[in-house]
Structures are given as structure tokens and as C-alpha cells.
Amino acid sequence: MYTRIIHDEKESPMTREELIKRIKETAYLEGDFTLRSGKKSKYYLDKYLFETCPDILKALGEEFAGHMTDDVTLVAGAELGGVALAASTAMATGKNWIIIRNSKKGYGTGKMVEGVLKAGDVVLLVEDIATTGGQVLEAAKIITEAGATVKKIVCVIDRKQGAEENITQAGYKFESILTKDDLGIKDKDPDFPSI
């Protein structure tokens, strides 16, 4: 037998400063890394380390909700890093959400989109770490090919290495919750820049 304790007070939301501190202490790694873009970096922000912490994930869902506009009908996230973020955003907003696959499955329905995406939907596309924007642009293409509109692409952290330029040049609105500057990350070696 157990006793369930119910609290009348709601937990206060995490402040921006607390979110920055929690992400940096949880997911910032130094070393020699190769990023998805193929670029080299002296630091790495391990999205899975911060996305698997319930307090950070909840705070990020609330942050993404602040980027929502009244016309948005759906939240989307690309596998794998965008999945938990889209789910958290959906819970914070009450909007349905979808998963954009990296590739078709060779079994079952073989769909690139999991969930219901309809022509005419207006989509908030959430992303984890933006370096060049390659993966999120692939997801945006799948959404638009389905007849929906990507209202904007919002990432947790912009590494400030071309994602914003690439995404806006492709015709999408880009925003970020944080940048590498907000996390206090500086380029340390001009011959081996933090990318």
C-alpha cells in the first residue's frame, strides 16, 4: 500500500538562466568531435544528455510553446533528436505532433511521417542543435511536399555556423531558444574552430 501526495502548488517554471545552466552542466563536452555536418569541433553539445532530463525537456517544451502562433496546427520533430522536443512542445501547447523520419522503413507502412500530417497544416518544426541546418531542411522539405506549410523552424541551440543563413535562404523563418554565445561557448583555437 502507498500514499499518494498531491501538491496544490504548481512547480514554478525554470528561468532562462536556470535553463542555460542546466543544459551546459548536463550536455557540454570538450574534446575532438566530428559533427553531423562533417565539420570538426573542440566542443559538443550532447542533445540526448539534456533531452533525457525531465526538468530540461519540460522547460524546453514551454520555451518552444512561446514560439507558437495562433495559426499553427501541428508540431513536428525530425528523428531522433527532435522527437522528444516535439512531444514536449505538444504537451505544453495541446497541439498534435508528428515525427519526420530520416528514411523510410522497409516494413509496416513505410511512411516518412509518423502521425497525421494533412495538406493545409501549418507546422512549427522544432530542432535540437543547429549547425548547418541540413537535417531540419530535409524534414521541412518532406512537410512542404505533403502540402503543409512550415511556419517556422525553431532550435534549442544555434551553434552560429550557418544554420540561420541556410534555413532563411531556403525560404523558412528561423529562430533559436539559445545560441552558443548564451552558453558562454567561445572559439578557442583559430586553426580548429568551435563549429
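1. The model is predicted, so local features need pLDDT of at least 70 and side-chain atom pairs count only at pLDDT 80 or more, while totals for chains, interfaces and linings use all residues. Residues are numbered from 1 along each chain as its sequence is written, and side-chain values use heavy atoms, with hydrogens and water left out.

2. The largest pocket has a volume of about 320 Å³. On a 1 Å grid over the protein atoms alone, a pocket is an open set of points where a 1.4 Å probe fits, with protein on both sides within 12 Å along at least five of seven lines. The volume is the space filled by probe spheres set on the points, which are joined across faces, edges and corners.

3. Lining residues have an atom within 4 Å of a point. There are 17 residues lining the largest pocket, and the closest to its centre are Arg36, Ser37, Lys47, Ile129 and Thr131. By class, the lining has five nonpolar, seven polar and five charged residues; Asp, Glu, Lys and Arg count as charged, Ala, Val, Leu, Ile, Met, Phe, Trp, Tyr, Cys and Pro as nonpolar, and the others, Gly among them, as polar.

4. Which elements each supply at least two residues of this lining? They are strand S2 (40-45), strand S6 (122-130) and helix H5 (134-145). The largest share, four residues, comes from S6. Helices (H or I, at least four residues) and strands (E, at least two) are DSSP runs, numbered from the N terminus.

5. The model has 12 salt bridges, each a side-chain nitrogen of Lys or Arg within 4 Å of a carboxyl oxygen of Asp or Glu. One of them joins the side chains of arginine 22 and aspartate 55, at 2.8 Å from N to O. Arginine 22 lies in helix H1 (residues 16-27) and aspartate 55 in helix H3 (residues 54-65), so the pair ties together parts that are 33 residues apart in sequence.

6. Arginine 22 is partly exposed at 22% relative accessibility, and aspartate 55 is partly exposed at 31%. Partly exposed lies between buried (under 20% relative accessible area) and exposed (over 50%), with a 1.4 Å probe and protein chains only.

7. Aspartate 71 and lysine 151 form another salt bridge, their closest N and O atoms being 3.0 Å apart. This pair links distant parts of the chain, 80 residues apart: aspartate 71 is in the loop between H3 and strand S3 (74-78), and lysine 151 is in strand S7 (residues 149-158).
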